[in-house]
Amino acid sequence: SSAAAADSSAAAADSKRVPHYTGFKEDPFVFMANGDNDWESLKKFFKIEGLEATQFLTRSTGGRKRQIYMVSPLVSKLLPYNERNVKFINTGVRTFSRTNQKAVSACDFRLNQEGLPAVLPYIHARKLKVSFSDILILLKNWSPHIGDLSKETQQAAGLLGNGACILSFYPEEQSAASSEPACPISTPIHLCGLKSRFSLRIMVTQKDRVHALMLLRQGKAAEIQKQVEDQMKELQDRKKNDGGAVDDFDAEEEDETAAPPVEASMDDQDEREANAPGEDADEKQS
């Protein structure tokens with residue numbers, strides 16, 4: 001009886017112990033499968049070749065996919081076998097995000113700038129070459145009208161159809177005899193774009209926009225930063241005065257914002273960063 005009492009008291013003591021804190025529970029890594037409807041839509045819209053669906057994952061188990069991340073074939077095999085033994089915080093690069101206005105596009109997703117270098121070699125559609133003057137207009141204006149771009153770009157955009165696209169500028173293809181301003185760099189520029197009926201815009205963060213303009217020697221950092229912030233304010237004012245929408249795709253800009261609460265899921269955090277215009281927290285403090 002004494003042994004039974006000891007066992008009972010030990011069990012009672014164990015039940016009162018504070019459970020060991022194992023840290024914040026991370027969202028799962030859910031890999032896409034061949035035949036997935038979203039994957040088939042992406043593959044058809046962008047003509048993706050050379051990539052498997054299993055190289056793409058999301059961070060939610062239910063509902064619609066909002067953010068899609070890309071990993072290498074090795075990582076796609078490594079994660080499923082080690083997820084129970086190793087705590088993975090994050091992996092892959094964000095490659096696709098669901099758009100807010102799917103009705104005007106044949107695909108529900110758009111490209112993300114951070115994942116563009118990884119996926120660019122495998123995409124064979126939705127590509128649009130632009131001139132040096134075009135790339136400056138796109139970088140200096142938040143929602144430029146297609147009519148403001150060169151005739152060649154206007155014609156190509158007219159054949160492209162609405163939705164996500166890749167805007168590329170190749171300095172080596174610029175003729176020395178052309179009327180285009182001299183380009184100070186020799187490296188190609190590839191930017192994520194979004195085309196609607198009337199506008200063609202780039203989808204990059206404010207910092208990336210400022211950085212690109214500095215590389216193209218369009219002014220000092222402080223001057224460029226002010227121009228970008230003024231453009232953002234003008235867009236927000238237009239959205240407010242026009243009752244919410246600037247054009248078909250609304251103001252769906254990809255700009256950095258202050259970090260969301262820790263309780264937010266990885267998909268929630270990335271969606272807020274992708275769709276909520278605003279200044280970066282560090283920039284506000286400075």
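Student: Which residues do ring pairs link into a cluster?
Tutor: Trp39, Phe45, Phe46, Phe56 and Phe96 are linked that way. Rings of Phe, Tyr and Trp (its six-membered ring) pair if their centres lie within 6.5 Å; planes under 30 degrees apart count as stacked, over 60 as edge-to-face and the rest as tilted. Keep in mind that this is a predicted model, where local features need pLDDT of at least 70 and side-chain atom pairs count only at pLDDT 80 or more, while totals for chains, interfaces and linings use all residues. Residues are numbered from 1 along each chain as its sequence is written, and side-chain values use heavy atoms, with hydrogens and water left out.

Student: OK, and how many aromatic pairs are there in the whole structure?
Tutor: A search turns up 5 aromatic pairs. In one of them, Trp39 and Phe56 have ring centres 5.1 Å apart and planes at 35°, so that pair is tilted.

Student: Where do Trp39 and Phe56 lie?
Tutor: Trp39 is in helix α2 (residues 37-46) and Phe56 is in strand β2, so the pair ties together parts 17 residues apart in sequence. Helices (H or I, at least four residues) and strands (E, at least two) are DSSP runs, numbered from the N terminus.

Student: Is Phe56 buried or exposed?
Tutor: Phe56 is buried, at 1% relative accessible area. Buried means under 20% relative accessible area, exposed over 50%, and partly exposed in between (1.4 Å probe, protein chains only). Phe56 also forms a tilted pair with Phe96, 6.1 Å centre to centre and 45° between the planes. That pair links distant parts of the chain, with Phe56 in strand β2 and Phe96 in strand β4 (residues 93-98), 40 residues apart. Phe96 is buried too, at 0%.

Student: Switching topic: where is Arg59 found?
Tutor: Look in the loop between β2 (56-58) and β3 (67-70). Arg59 is buried, with a relative accessible area of 2%.

Student: Which ring does the charged end of Arg59 sit over?
Tutor: The ring of Phe29, 4.0 Å from its centre. To count, NZ of Lys or CZ of Arg must be within 6 Å of the ring centre and within 35 degrees of the ring normal.

Student: And what lies over the face of Trp142?
Tutor: That's Arg209, at 4.0 Å from the ring centre.
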